[in-house]
Structures are given as structure tokens and as C-alpha cells.
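Here are my notes on this two-chain model. Please read them with the structure open beside you.

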Amino acid sequence: MKTKSDTDLIRRAQARRLHRGIEEPRWVQWLLIGVAGGFVGVFLVLPLINVFVQALGRGVRAYWKAVIEPDTLAAVKLTLQVAAITVPLNTVFGLVAAWVIAKFEFRGKALLNTLIDLPFAVSPVVGGLMFVILFGTHGYLGPWLQQHHIQIIFALPGIVLATVFVTFPFVAREVVAVMQASGTEQEQAALTLGASGWQTFWRVTLPNVKWGLLYGVVLCNARAMGEFGAVSVVSGHIAGRTDTLPLRVDKLYHDYNTTGAFAVASLLAVLALVTLLLKTLLEWHQERQFQRAQQVVTEPGLEPSRPQPTGVPV
Amino acid sequence: MAAKRFRLPGFGLTMGYTLCYLSAVVLIPMAALVLRVLEQVSWWDFWRLATAERALAAYKLSFGAAAVAALINALFGTLLAWVLVRYRFPGKRLMDALVDFPFALPTAVAGLTLANLFAAEGWLGRFLVPLGIQGAYTPLGVVIALTFVGMPFVVRTLQPVLESMERDVEEAAATLGAGRFRTFCCILAPTLLPTVLMGFAQAFARAVGEYGSVIFIAGNKPFESEIAPLLVVMRLEEYDYAGAMTLAVVLLVFSFVLLISIHLLSRWASHFQPAA
């Protein structure tokens, strides 16, 4: 009896401390964790598992047959081509724009920042339409392009342009954040010691921002390979020629070829998982570097900063 | 200061390149769209096309579903950010990494698998459809797809703010006798609100423009489950350029308004955040 009332007392004291303190009671914590976990489970984990289950639903052989279909292979090739052109273009732009925004003060900087974010806010469909208006047969440059037998809309250049538009801010956003955080002291030191502008950029600036850069490139690549709306408007949906992987998924789905659609979708889901893995590794790397830098007190300019976690307008 | 400012080389070159590339990819195409509308669509036609009954139904669905989805994301996003920052539990890192999944997964795949899950014979539809909850091929499907697409925004804007928040304010509230719930309502919620709002606005902006995931799950019936970006595509496929461009300009104007609100919100929110 006595021990029981003792433990009761202790428990009540603990409860009071919990109540007065800054922690929720354990059961509330577990309830909240449970609800959050349920949400993530239903909205993120189930859809992911479903992709692979549906893709393999008719057996590995049917899956493989769907993947090595000529039109699907052509879509894989086109998707890789588009990403191979788009990502370097936007990476170079990201580095250049970050240099301007992070290293200099000028009027209209906030405006430039907002304009770079603009494609995030514009519907991809509207983005695609802009290029149709500019380069399509009814567009401004259409007649001229036709005379010179240059095809942009319903061909690779149009798909690349639409993808460049949609993925425009990804690298710039990440690199601007990292470059701004690293300041200009080191570059000034390098220049004072006689390095040329190029040398300073390659030896000082680039190593400082390489993780943020990589992070932006990974996100940019994922979006470039997965973009649907903008590409759908400019592609023309010619099987085997202008269908990217996401468009191929759509086409198979509309042909009631569910297994085929999910088989192609599973390729893109693997891409998403690889992206997520790379992104997480990069974040952990940043975090460790950040902690190490905080332990060893360094010069303020040398502190690496963590990248902004999302490619979203801020 | 002025002398120091321009000591780094390459301002002219990099500024020039930035402006040229920005113009080529974003500004000129956008101007082309607006100019074309001004040239080819009279004001009266613009008004007629922009406010046609089918267009109004599409805006209503797009904005309505986006608002509901963003609200769901604001609630669950706040919960997720809170749980991920404040509590320790097994699988936390995995959950944290998974939050970004909607950014990494192509939207067409998201739409495909969600439609399959919520269809009558799908894993979730099997239980929900007998209860009268039709997730696939209805306006509810639009909300589901947009919730998926917008999920990371609130979590990722809120997380760093929660992480850097000093806990002594909460301790002070506790010493003064406030319960945990009261502390949350009176102290934490007002501080976090601007950031949550910013995440909400971002998720909303993304959801209004979203196309890929929605068309797989919505059913796309005119007047009922047809979103505004889809109507743009439909008009374009009918070679009705005036109709497509008019709707596109309406969406574009709305994007501008949202982008400016997000910008203002982020400035407001930064007052509530400790200096980085």
C-alpha cells in the first residue's frame, strides 16, 4: 500500500512538472507522432509502394516487356537528352546569377530575385503556351521559322525550352543562398594576393558553394526529367519522337494499358528515390560540416552555411 | 564602402548574361503572350472568354481545391514540422527525408498512383468507396492530388523557424502558470502564424498551376472536375488560341499577385524569426 501511494505521489509530481514544464505529456507526443506518421503513410508511402506493386502486378516478364518497348526506350532517350541540355544551361545560369546577386549591391536586386522566382509561380501549362505563341505556326516567329525549315514546337528544341523555363530557378535559388552566406572576404583576399578573377572563382568561390550547387542540380534534374504540363503543351505527342517519359505514362494510361503505364512510372519513381537519397546525403554532409565549423571557431567568412531546404520562392 | 563594393570583378559580364538569359527564357516569352492577347483579343472578347461559364467553373474548382489542399497542408504541415523538430522517435530521419518526396516524384506518376489508390478497386478506394467517399475522378480527387503536390512547402518553411526558436519564452509562460495548450495557443501559434501563412501561400500558388497530377485523378468533366490549366490545354487543342491565351493571362495575373503576396509575407515573417 505504502509503496503504491509513493509511486502515485512520484507520478503525480512528474505529471505536474510536465504540466508546468515545456514538454507535452508522453501520450500527447505519441498521439501527434501517430497522426503525422499516418498522414505520411497514406499520402507518401502508400502511393510509392503502389507504383511498384502495380508495375509488377502481371509478373516480371510483362514488366520487362513494357520497359523495353521501342516507344518507351525512345522516351527514355529523349528524357535523358532533355535533361542533359537543360541542367547544364540552368547550372551555368545559376552560378552566374548567384555571383551577381550574392557578391554585388545594386538597385533592383529584389526585383531581379523575384523575377528569377517567377517560373515557380507560373503554371507550367502557361509556360508551355508562351513558347507556342512565340515559335508555333500561329506565333510571332512561326512563319519565319517555317520558311527556314526550323522546327521548334513539336520537336526537341521546344521541349528543352519549356523544361528550361520550368526548372529555371532551381540551381540559382540554392547557389544564391549559399554564396550569400559565404560573403566576399575570401574572394577579396584571393584578389589582393594576385589571383585573377577566373582563378578566384574556380579556386575559392566554387569550392565554397559546391554542395549547395550539387543540391540545386539534383533538384533541377529531377524536375527536368519529370516535367509534364509544360512539355505536354509543346511536345505534340508524337510516339517514339516527342514523347518524354511522363508523357509516355499518360499515353499508356489513356490506352488502358495500366501495367505499361505503371512500368514506365516505376522508372520515374526510381529516379525520385535516387534524387531523395542524394538530397538527404547532401543535407547530412552539410549538417556535419556546419556542426564541425561551429565547434572549431573559425573566421566568420569561412563558416559554411546550410542550403535552403527547398526550391521554393522565399 | 562604395569603393569596396565593386572590387570583385565580373559585374558587367555576369549581370549582362543574367539579364539576357532571364529575358530569353522568361521575360520575352511572357511578353509575347501578353502582347499577342492585346493584339488579337479585343477587351470585350477578353471579358467574354475570361468569364465564360465553363471558365468560371474551372477557376472555382482550381482555386477552391487549391485552397482546401493548402489548408490541409497548413494543418498537417505544422504538425509534421512540430513532430520532426521537437520529438525523438524511431524512423524520424526517414520521415524527414520522405517529406520531400512530392518534390522529387514526377507529377504524372503521383497522379497515376493516387488515382489507382482511390479508385473503387484500389487499396484505399476499396474501403472508402463503400462509405461514399469517391476519391478518384471527382473534385475530391483534385484536392487529394493538390494536397500531395503541396505537402513539403509548409513543413520546409516552418522547420528552420521552429529549430531556431528559443525555448525560454515557453519556459517563462510555464512558470507563470500557463498550461501547455495555452502556451501553444497564446505564445507559439501567433509567432509561427506568419511562417505557416507563407508556406500556405506557396502551396496554394503551386496547387493553382498544377496540371500533371490532377488530370490523372480528376475525371476532367467540364463544369465539374475540370481545372483551369486543363481548360487552357483543351482550348489549345481546339486551336482556339484566343480562348487559351485569355485564360493563360488570367492565370498569369493571378500568379503575379500571389508572388507579390508571398514576397510581402516573407518580409512580415522575417520579423518573427531570430536573425539567421
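1. Start where two helices from separate chains meet. Helix α12 (residues 245–254) of chain A and helix α7 (residues 107–118) of chain B have axes that come within 8 Å and cross at roughly 30°. Angles under 35 degrees count as roughly parallel, so α12(A) and α7(B) are roughly parallel to each other. The crossing of α12(A) and α7(B) is left-handed. Keep in mind that this is a predicted model.

2. Which residues make this contact? From α12(A) come P246(A), V249(A), D250(A) and Y253(A). From α7(B) come A108(B), V109(B) and L112(B). By class, the contact of α12(A) with α7(B) has 6 nonpolar residues, no polar ones and 1 charged.

3. Now widen the view to the whole contact between the chains. Chain A puts in 80 residues and chain B puts in 81 residues. On the side of chain A that touches chain B, helix α2 (residues 26–55) of chain A gives the most, with 15 residues. That side of chain A has 55 nonpolar, 17 polar and 8 charged residues.

4. Next, chain A by itself. Chain A has 13 helices and 0 strands. Read along the sequence, its pattern is α-α-α-α-α-α-α-α-α-α-α-α-α. Of the 314 residues in chain A, 45% are buried. Take the contacts in chain A with a separation of 6 or more: residues 24 or more positions apart account for 74% of them.

5. How is chain A divided? Domain 1 covers 2–50 and domain 2 covers 59–302. The C-alpha centres of domain 1 and domain 2 of chain A lie 42 Å apart.

6. Chain B comes next. Chain B has 14 helices and 0 strands. The C-alpha atoms of chain B fill a box of roughly 70 × 65 × 30 Å along the principal axes. Of the 276 residues of chain B, 47% count as buried. Among contacts in chain B between residues at least 6 apart in sequence, 78% join residues at least 24 apart.

7. Two packed helices are described by the angle between their axes and the distance between the axes. Helix α4 (residues 53–86) of chain B and helix α9 (residues 139–164) of chain B pack at an angle of about 40°, with their axes 6 Å apart. That angle makes α4(B) oblique to α9(B). The crossing of α4(B) and α9(B) is right-handed. Their contact has 23 nonpolar, 6 polar and 1 charged residues.

8. Two backbone angles deserve a check. Most residues other than glycine have a negative phi. F154(A) is not a glycine, yet it has a positive phi of about 65°. F154(A) lies in the loop between α7 (142–147) and α8 (156–182) of chain A. Is F154(A) partly exposed or buried? A buried residue needs 20 or more neighbours. F154(A) has 19 C-beta neighbours inside 10 Å, so F154(A) counts as partly exposed.

9. Y239(B) has a positive phi of about 60°, although it is not a glycine. Y239(B) sits in the loop between α13 (228–237) and α14 (241–270) of chain B. The cut-off for exposed is 12 or fewer neighbours. Y239(B) has 9 C-beta neighbours inside 10 Å and therefore counts as exposed.

Conventions:
Residues numbered from 1 in each chain as written. Chains lettered and ligands numbered in written order. Predicted model: local features only at pLDDT ≥ 70, side-chain atom pairs only at ≥ 80, totals over all residues. Contact = placed C-beta atoms within 7 Å. Helix = DSSP H or I, 4+ residues; strand = E, 2+ residues; numbered from the N terminus. Nonpolar A, V, L, I, M, F, W, Y, C, P; charged D, E, K, R; others polar. Domains from an automatic or database assignment. Axes fitted to C-alpha atoms, helices over the stretch in contact; angles between N-to-C directions. Parallel < 35°, antiparallel > 145°, perpendicular 65-115°, else oblique. Left-handed = near helix turned anticlockwise from the far one by under 90°.
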